[in-house]
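Hi there,

Here is the model I promised to pass on. Have a look at it first, and my notes follow below.

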Amino acid sequence: MVANRLRLMVVTEVPKLASAAEYFFKMGVEGKRFRPTVLLLMATAMNISILEPSLRGPGDALTKELRARQQRIAEITEMIHVASLLHDDVLDDADTRRGIGSLNFVMGNKLAVLAGDFLLSRACVALASLKNTEVVSLLAKVVEHLVTGETMQMTTTCEQRCSMEYYMQKTYYKTASLISNSCKAIALLGGQTAEVAMLAYEYGKNLGLAYQLIDDVLDFTGTSASLGKGSLSDIRHGIITAPILFAMEEFPQLREVVDRGFDDPANVDLALDYLGKSRGIQRARELAKKHANIAAEAIDSLPESNDEDVRKSRRALLDLTERVITRTK
Amino acid sequence: MLFSRISRIRSTGSNGCRWFLSHKPHLQFLNPPAYSYSSTHKEQNDPFSLVADELSMVANRLRLMVVTEVPKLASAAEYFFKMGVEGKRFRPTVLLLMATAMNISILEPSLRGPGDALTKELRARQQRIAEITEMIHVASLLHDDVLDDADTRRGIGSLNFVMGNKQLAVLAGDFLLSRACVALASLKNTEVVSLLAKVVEHLVTGETMQMTTTCEQRCSMEYYMQKTYYKTASLISNSCKAIALLGGQTAEVAMLAYEYGKNLGLAYQLIDDVLDFTGTSASLGKGSLSDIRHGIITAPILFAMEEFPQLREVVDRGFDDPANVDLALDYLGKSRGIQRARELAKKHANIAAEAIDSLPESNDEDVRKSRRALLDLTERVITRTK
């Protein structure tokens, strides 16, 4: 439902713009729709109903209205996300994305950039329609974070590239900010207290960080538990992620290898070698688990509820904190 | 005449005008009391000088923001914020004048103290619209500049590792857009957010229209005017409207502000089109001819095509061949294309002026001065030669 409405929201006067913006909303191209899933579950999970159950009729107008607004957050979040993907692909000169040709590759850089801007503007209009200035501020901040994260990635000095702190900050901006702040927005729209909204934020943030850390690991290991079977796309693009950063703490010599850059495949192999000798992969997994646990704690800290839908959604959110760690792709 | 009118008002001191004038930072040039006729008269006649000081403030804040937060992007965005690059900073000037022009004060003059907190707050918010508008404008320029080949046209600044012109343009544009979003959000007015988000959508639509026209569309006046609205007029019309809304004006007044901005913008663009052919001389072919050389068909040619259908074939052939350009100029010269474009510009300028005249009456001298300046602009937009 959300996906279809999303597609409809992207309609425009200029057919080319429409097909450009619609590009990643195609059925089947979108992966498992991780983010919207989290958001919709979160919406239910904190549905600490303001009305007595007996007063609630099926299809209660107030509840429906709230639900529609929370769904809009999920749509807005996806638009912002896809807009940033479209631009990132132009910046990275990528030729594929989500298993198909990237938009810049298929329709040209400029159209990809314009399509991203278009999606962003539509997201802003949808945001404004919620008439909640705090939520507008939250998601505007996300847009700023996404750009900051991308800028950080593109303009690092050698010093920064080898810093775990810089990496985690960048990861927050590029990955976790969107999901944490939209979780918070869901809570605010639901009229929750600042404390509850903060719990929603903490869940999103730590889930997002855990997700990215495992993503980093999988880029090296792929679906096998051993090294070098992953796509290695990060390192080949010169993007230094958590496993390597941890390995560098054990093997300072790895730092020189990193500084030399990874255009030379021999250098990639050398780095993988050090990585294999180190506890880099394991430590990255451990850090992911730590964040996943914090996310789970946030859910456990939510105010009690006897509503079966609420409990079910919370279990699902807890389940996600497991899956995010154990997934193999 | 203007001088004498002002001196009369200053001496009466009725409705608090005298102290009000002297406490408005952007009207500092009126102090001290003794000033020569000629310099003041010239300043009175120049709508841009009315808000020049305020404008510098806005421009400096913008530049500072870009330079301090992301120094690496500074070289790209900085280029566009240089004073003088954009001529007289047309858009922010209109917005700041509009802010004053509709300052139909909600407080009784006697209750207003100098540096009234409410007024200052409102003014700051309206200035922010001017900043946001510039950020959106420059972001769209940067993104429009993204090419499909990786060549570096401008050789912008030095970075730690190679960043192509394309990447800088995209990132810098994104940076500005994201800052615009945050600044918009800080105004805590969702209607204004909606208005300016729509502008971004329009800018993109307009640019896409320009990129992807069919032959049919390129020769259509209607398509051209729609594209011109999207690319030029939407930004200024909707930000004028936003200024009005922030000022707590009614929907009707906000609509007048919108109409002013829209028609001024359209008039501006139409004259721009003419000047691209005529340059600073009244005769053809002395302009830069950059539109036609880029295959962009503007109002004068569209009008000429109505008189000379054969011109259509010339247009369809494209303008890579300079001989074709000359041929088109030839037809244009024989036609009333230039004149009709000017006439249409004048028509829109008049509609803009009417919008100002339709604003609710005000006795406040600042308000009247700003409105006169806005009217003045509708003249200048038509008569300018560059």
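Which side chains meet in a salt bridge at 2.6 Å, N to O? They are those of Arg122(A) and Glu201(B), where a salt bridge is a side-chain nitrogen of Lys or Arg within 4 Å of a carboxyl oxygen of Asp or Glu. Across the interface of chain B and chain A the rule finds 3 salt bridges.

A word on the source: this is a predicted model, in which local features need pLDDT of at least 70 and side-chain atom pairs count only at pLDDT 80 or more, while totals for chains, interfaces and linings use all residues. Residues are numbered from 1 along each chain as its sequence is written, chains are lettered from A and ligands numbered from 1 in the order in which they are written, and side-chain values use heavy atoms, with hydrogens and water left out.

Now the interface. On chain B, 41 residues are in contact with 39 residues of chain A (heavy atoms within 4.5 Å). Together the two chains bury about 3,600 Å², 68% of it on carbon and sulfur atoms; this is the accessible area (1.4 Å probe) that two parts lose on being put together, summed over both.

One residue in chain A may also interest you. Lys170(A) is buried yet has no salt bridge (buried means under 20% relative accessible area, 1.4 Å probe, protein chains only). The nearest side chain of opposite charge, Asp216(A), is 7.3 Å away. The side chain of Lys170(A) does make a polar contact with that of Gln153(A), at 2.8 Å (a pair of N or O atoms within 3.5 Å, one able to donate a hydrogen and the other to accept it; residues adjacent in sequence count only if both atoms are side-chain atoms).

Best wishes

Technical notes
Buried means under 20% relative accessible area, exposed over 50%, partly exposed in between (1.4 Å probe, protein chains only). Lys and Arg count as positive and Asp and Glu as negative; His and the chain ends are not counted.
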